[in-house]
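Subject: Structure handover

Hi,

Here is the structure I promised you. Please open it alongside this note. My findings follow below.

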Amino acid sequence: YLPLLCAHNSAVSADQLLDVMHRLLGAMQLTSGFVQNKVVLPIPSIEVLAEAATSEDRKPAIIRVLESAIIAWMKQVKMVLLMDPHVVIIQMHGKYPQPVAELEFWESKLSKLVSLQDQLSTVVVLNILHNLERSHSTYAHAFLHVHREVGKAIVDTELCLLYLNSLKPWIKQLADTQSIEALTRTFPPLMHLLFLTWQYSSMYSISDNFHRLLRFLANGVMLKAKETIGKSILEDPEEGQTNLRQALRICAAFRGCYLDYKEKADG
């Protein structure tokens, strides 16, 4: 019904209705994407705009609709670019996230960035950009800048995942290992890879990011120690004391390994 509603008539301003209806359709597309946990760029109705473009005096209204679409796209892009792992991971995994949460965050962000790049590279989007450039709209240049930011963010995120994926097998082993001896044997290679990540990764050479990853690894170790102690430490005091010593042994081994590599890093 949008073409019919946007047609000239004496009761309703066609240009105003064109703008309002596209805002509504855009909001519906954004909501649908949010429900599916996807980043969706709302696309204006090209058929309606093409029909309206046959009238020269309606072109300013069409440009306003296209500029509104560009603004909505830039908001969506900025939302993904500014995803803060400190905030998002805590929201998704609670106060004590496991190290796999760091990997999942960057995989999710990469997926969203690639989806945005694919949507921004479609023929429809490029045609909209071309029309805005022909109309000398200032939003065209801003859009190109945002598009470049998406490409750069993809490269940065892929590089970040390159380092995290080297840790992935040891993170999995940390989570799955039941034997205390096998668990403590994972600490040296895990800490060595963490040291190399801090040394060579531009992302994890930043103290806040490195401390977050180290904290998540410590959370994983604490969980294993907690599992070793068990839920009812006082039911059998002798067994509880043995389990507590084993838990302390796990924590001490992790701390000692960390301090060895900290001394190496400081030196």
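Helices (H or I, at least four residues) and strands (E, at least two) are DSSP runs, numbered from the N terminus. Lys224 lies in helix α10. More on that residue further down.

Some ground rules. This is a predicted model, so local features need pLDDT of at least 70 and side-chain atom pairs count only at pLDDT 80 or more, while totals for chains, interfaces and linings use all residues. Residues are numbered from 1 along each chain as its sequence is written, and side-chain values use heavy atoms, with hydrogens and water left out.

**Overall**

The protein has eleven helices and zero strands. Buried residues make up 38% of its 267 residues. Here buried means under 20% relative accessible area, exposed means over 50%, and partly exposed is in between (1.4 Å probe, protein chains only). Of the contacts with a separation of 6 or more, 70% are between residues 24 or more positions apart. Contact means heavy atoms within 4.5 Å.

**α9 and α11**

Helix α9 covers residues 180–200 and helix α11 covers residues 237–266. Their axes come within 10 Å and cross at roughly 25 degrees. That makes α9 roughly parallel to α11. The cut-offs: under 35 degrees is roughly parallel, over 145 roughly antiparallel, 65 to 115 roughly perpendicular, and the rest oblique. Axes are lines fitted to C-alpha atoms, for helices over the stretch in contact, and angles run from 0 to 180 degrees between N-to-C directions.

The contact of α9 with α11 divides into 14 nonpolar, three polar and three charged residues. Ala, Val, Leu, Ile, Met, Phe, Trp, Tyr, Cys and Pro count as nonpolar; Asp, Glu, Lys and Arg as charged; the others, Gly among them, as polar. On the α9 side, the residues include Leu183, Phe187 and Trp198. On the α11 side, they include Ile250, Phe254 and Tyr261.

The length of α9 agrees with expectation: its 21 residues should span 30 Å at 1.5 Å a residue, and its end C-alpha atoms are 31 Å apart. The expected span is 1.5 Å times one less than the number of residues. The buried residues of α9 pack against α8 (138–176), α10 (207–229) and α11. Among them are Leu190, Met191 and Leu194.

Pro188 also lies in α9. At 37% relative accessibility, Pro188 counts as partly exposed. Pro188 touches Cys257 and Tyr261, not counting residues up to four places away in sequence. The C-alpha atoms of Pro188 and Gly256 are separated by 9.8 Å, though the two are 68 residues apart along the chain.

The axes of α8 and α10 are 9 Å apart, at an angle of about 20 degrees. That makes α8 roughly parallel to α10. By class, this contact has eight nonpolar, one polar and two charged residues. Lys224 in α10 is part of the contact, and so is Asp176 in α8.

Is Lys224 buried or exposed? Lys224 is buried, with a relative accessible area of 6%. Leaving aside neighbours within four places in sequence, Lys224 is in contact with Leu174, Ala175, Asp176, Thr177, Gln178, Leu183 and Ile250.

**α6**

Helix α6 (residues 100–120) reaches 30 Å from its first C-alpha to its last, close to the 30 Å expected. Its buried residues include Trp106, Lys109 and Lys112. The buried residues of α6 pack against α4 (59–81), α5 (85–93), α7 (123–134), α8 and α10.

Best wishes
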